[in-house]
Amino acid sequence: MAKGKVSGKTHTQAQLNDWANQHNPNNKAYQANIDNRSNQLNPKHKTHQQIHNSDRRNPKPWVDWAPDYIEYD
């Protein structure tokens, strides 16, 4: 993540607080952003939509009949 500076002369206190939270490694949103970024860069990571499309295009085989319980003789 690129770190920059935000001036109190050009930004409100709320904007300064938002910027500080977004760049704080102890913040949940900061950590989630880092995790999402690493997932996007991982070539083996599939998005929800890719998994959905794969399941739709390659349906699992349907079993016509299966016993409800095992019969013991």
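Helices (H or I, at least four residues) and strands (E, at least two) are DSSP runs, numbered from the N terminus. Under that definition, Pro59 falls in the segment that follows helix 3 (48–57).

The structure is a predicted model, in which local features need pLDDT of at least 70, side-chain atom pairs count only at pLDDT 80 or more, and totals for chains, interfaces and linings use all residues. Residues are numbered from 1 along each chain as its sequence is written, and side-chain values use heavy atoms, with hydrogens and water left out.

**Overall form and confidence**

The protein contains three helices and zero strands, in the order α-α-α from the N terminus on. Its radius of gyration (taken over C-alpha atoms) is 25 Å, well over the 11 Å that the globule rule gives for 73 residues, so the protein is more spread out than a compact globule. That rule is 2.2 Å times the number of residues to the power 0.38. Along the principal axes, the C-alpha atoms fill a box of roughly 85 × 30 × 20 Å.

Of the 73 residues, 5% count as buried; buried means under 20% relative accessible area, exposed over 50%, and partly exposed in between (1.4 Å probe, protein chains only). The protein exposes about 7300 Å², of which carbon and sulfur atoms supply 52%. These areas come from the Shrake-Rupley method with a 1.4 Å probe, and for residues only the protein chains shown count as cover.

The mean pLDDT (the predictor's confidence in each residue, from 0 to 100) is 83, and 95% of the residues reach 70 or more. Among the elements, helix 3 has the highest mean pLDDT (89) and helix 2 the lowest (84).

Gln15 belongs to helix 1 (residues 13–22). Its side chain reaches the backbone nitrogen of Thr12 at 2.9 Å, a polar contact (a pair of N or O atoms within 3.5 Å; within protein, one must be able to donate a hydrogen and the other to accept it, and residues adjacent in sequence count only if both atoms are side-chain atoms). Gln15 and Trp65, 50 residues apart in sequence, are 62 Å apart in space, C-alpha to C-alpha.

Asn27 caps the N-terminal end of helix 2, with a side-chain oxygen 2.7 Å from the backbone nitrogen of Ala29. The 14 residues of helix 2 (residues 28–41) should span 20 Å at 1.5 Å a residue, and the end C-alpha atoms are 20 Å apart, which agrees. The expected span is 1.5 Å times one less than the number of residues.

The structure holds one salt bridge, defined as a side-chain nitrogen of Lys or Arg within 4 Å of a carboxyl oxygen of Asp or Glu. It joins the side chains of Asp55 and Lys60 (3.9 Å, N to O). The C-alpha atoms of Pro59 and Gln13, 46 residues apart along the chain, are separated by 53 Å.

| Residue | Relative accessible area | Class |
|---|---|---|
| Gln15 | 40% | partly exposed |
| Asp55 | 40% | partly exposed |
| Pro59 | 61% | exposed |
| Lys60 | 65% | exposed |
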